[in-house]
Amino acid sequence: MKKDTIIIGDALTVLRTLPDNSVDVGVTSPPYNKGERDKGWLVDKVIYDIASDRKDEVEYQEEQINVLNELYRIIKPGGSFFYNHKLRWNRGWLIHPYHWVSKTKWVIRQEIIWQRKIAGNIRGWRFWQVDERVFWLCKPRKGEENEPIGEELKPRHAKLTSIWQIRPEDKINWVPDPFPLALPARCIYSVMDERKGCVIDPYAGSGTTLVAAKLLGHEFLGIEISEEYTKKALERLLNAEREKKRLLEELKLHQVELTFQERKQRGIAKPRKTIKKALAPKQERMF
Ligand SMILES: C[S@@+](CC[C@H](N)C(=O)[O-])C[C@H]1O[C@@H](n2cnc3c(N)ncnc32)[C@H](O)[C@@H]1O
């Protein structure tokens with residue numbers, strides 16, 4: 001299997017050619033099928049270089065299920081895939097991504113709220129939608145298919161919650177809706193920790209997931225339908241080191257004063273204030 005590159009082509013078609021159990025972790029944000037016509041007046045229309053963001057919704061969801069099931073085959077047992085999507089409405093009816101994600105082979109480990117802090121692609125019918133979702137999907141380890149609890153997160157990630165407050169990317173403007181680097185970096189680092197492996201993004205766009213993977217020392221593989229985006233993403237990957245500072249800012253959040261086990265042993269339910277108390281000598285803690 002090719003590595004450290006981006007294959008130009010349709011995600012599903014290319015995924016079908018990749019071997020079973022060959023990748024450790026993946027992160028992606030597919031086209032959302034938001035439609036190019038009814039975008040509202042607050043943001044630009046989503047128009048990709050060549051792909052359409054306006055498909056029949058049933059076909060769209062079937063395609064996404066097929067893509068996710070191919071990824072399930074390709075990811076190693078015990079591996080994870082992070083699938084970013086958002087809630088949409090069609091003529092007033094809510095379309096939640098859980099609707100099709102739950103029809104795939106994956107075990108849904110968690111639905112993370114990505115609080116983007118700013119947004120504005122709906123009009124006055126609802127409160128401003130500032131969130132997106134990140135589904136943390138797991139492939140059970142061998143023998144754990146009926147009880148897919150999975151591996152525990154390493155203590156250093158313990159401060160992160162199920163709500164991720166990360167501002168949208170503001171420097172890359174040649175792909176609609178690129179990830180901020182922190183998002184794929186958080187996904188990859190939280191599950192891989194110091195282990196090294198291979199990371200995939202089947203809708204690679206500007207290559208943010210792949211840049212995060214490279215900076216974290218992993219092999220990577222992207223798939224992208226646009227030749228133009230791929231050319232620019234490969235250039236970006238060559239200069240990945242320039243983005244190291246942003247990666248390090250994210251890694252700073254993956255630190256704890258006490259591990260899960262130490263907190264449990266000291267009977268500390270909540271971090272912060274109580275941690276200070278627990279660390280202080282006994283006599284100082286009397287008041
Ligand atoms: C939301 S963007 C991904 C942005 C990416 N996360 C980043 O950080 O730049 C979706 C990408 O999927 C690509 N795309 C759309 N349809 C595709 C398909 N069938 N196969 C592969 N890529 C596709 C688009 O060209 C676009 O670059």
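Q: Before we look at the core, what counts as a nonpolar core here?
A: A nonpolar core is a set of buried Ala, Val, Leu, Ile, Met, Phe, Trp, Tyr and Cys residues joined through C-beta atoms within 7 Å; keep in mind that this is a predicted model.

Q: OK, how many residues does the largest nonpolar core have, and which have the most contacts inside it?
A: The largest nonpolar core has 50 residues, and Ile188 and Ala212 are those with the most contacts inside it.

Q: And which element gives the most to this core?
A: That is H4, which contributes eight residues.

Q: What does Ile188 touch, leaving out residues up to four places away in sequence?
A: With those set aside, Ile188 touches Val25, Val27, Val199, Ala212, Ala213, Leu216 and His218.

Q: Switching to helix packing, at what angle do H4 and H5 pack?
A: H4 and helix H5 (residues 208–215) pack at about 50°, their axes lying 8 Å apart, which means that H4 is oblique to H5; the crossing is right-handed.

Q: Which residues meet there?
A: From H4 there are Pro184, Ala185 and Ile188, and they meet Thr208, Thr209, Ala212 and Ala213 of H5; by class, five residues of this contact are nonpolar, two are polar and none is charged.

Q: What about H4 and H7, how do they pack?
A: Helix H4 (residues 182–192) packs with helix H7 (residues 244–252) at an angle of about 50°, with the axes 10 Å apart, so H4 is oblique to H7, and this crossing is right-handed.

Q: Which residues make that contact, and how do they divide by class?
A: H4 supplies Ala182, Ala185, Arg186 and Tyr189, while H7 supplies Arg246, Leu247, Glu250 and Leu251; five of the residues in the contact are nonpolar, none is polar and three are charged.

Key: Residues numbered from 1 in each chain as written. Predicted model: local features only at pLDDT ≥ 70, side-chain atom pairs only at ≥ 80, totals over all residues. Axes fitted to C-alpha atoms, helices over the stretch in contact; angles between N-to-C directions. Helix = DSSP H or I, 4+ residues; strand = E, 2+ residues; numbered from the N terminus. Parallel < 35°, antiparallel > 145°, perpendicular 65-115°, else oblique. Left-handed = near helix turned anticlockwise from the far one by under 90°. Contact = placed C-beta atoms within 7 Å. Nonpolar A, V, L, I, M, F, W, Y, C, P; charged D, E, K, R; others polar. Buried ≥ 20, exposed ≤ 12 C-beta atoms within 10 Å, placed from the backbone.
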